Amino acid sequence: MGWLWAIIVGFVLGLIAKAILPGKQHSPLWLTTIFGMIGAIVGNAIARAVGVDATRGIDWSRHFFQLVAALIIVFLGDMAYVALRGSKQKA
């Protein structure tokens with residue numbers, strides 16, 4: 001059940017990050033989901049390092065760190081995807 005939850009959270013975070021970022025992102029949905037999953041993992045690690053990984057109620061701080069990490073990873077990952085895809089199309 002943990003993997004299913006990770007995929008769902010990654011999917012939602014990836015879609016939110018794509019919606020927030022300006023312009024069109026070219027990465028496919030499966031790659032956006034993976035970027036969101038990585039963003040959730042990185043955000044959890046940052047929240048744990050800061051000391052806000054477990055609070056009473058909804059962990060808004062942890063979710064904020066996850067979203068910021070997902071934004072950065074989706075942005076950088078999409079740039080890498082376009083660069084790799086563009087170089088493969090020219091060859």
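Predicted model: local features only at pLDDT ≥ 70, side-chain atom pairs only at ≥ 80, totals over all residues.

Modeller: Residues are numbered from 1 along each chain as its sequence is written, and side-chain values use heavy atoms, with hydrogens and water left out.

Colleague: How far apart are the end C-alpha atoms of H1?

Modeller: They are 27 Å apart, which agrees with the 27 Å that its 19 residues should span at 1.5 Å a residue. The expected span is 1.5 Å times one less than the number of residues. Helices here are DSSP runs of H or I, at least four residues, numbered from the N terminus.

Colleague: Which residues of H1 are buried?

Modeller: Gly10, Leu13, Gly14, Ala17 and Lys18 are. Seen down the axis of H1, they fall within an arc of 135°, so they line one face of the helix. The arc is that of the directions from the helix axis to the C-beta atoms. Buried means under 20% relative accessible area, exposed over 50%, and partly exposed in between (1.4 Å probe, protein chains only).

Colleague: And what does the face turned away carry?

Modeller: The exposed residues Trp5 and Ala19. Trp5 counts as exposed because its relative accessibility is 56%.

Colleague: New topic. What does UniProt list as "transmembrane region"?

Modeller: The unreviewed UniProt entry lists residues 29-52 and 64-84; such annotations may be inferred rather than shown by experiment. In the model, residues 29-52 are 92% helix and 0% strand, while residues 64-84 are 100% helix and 0% strand.

Note on methods: Helix = DSSP H or I, 4+ residues; strand = E, 2+ residues; numbered from the N terminus.
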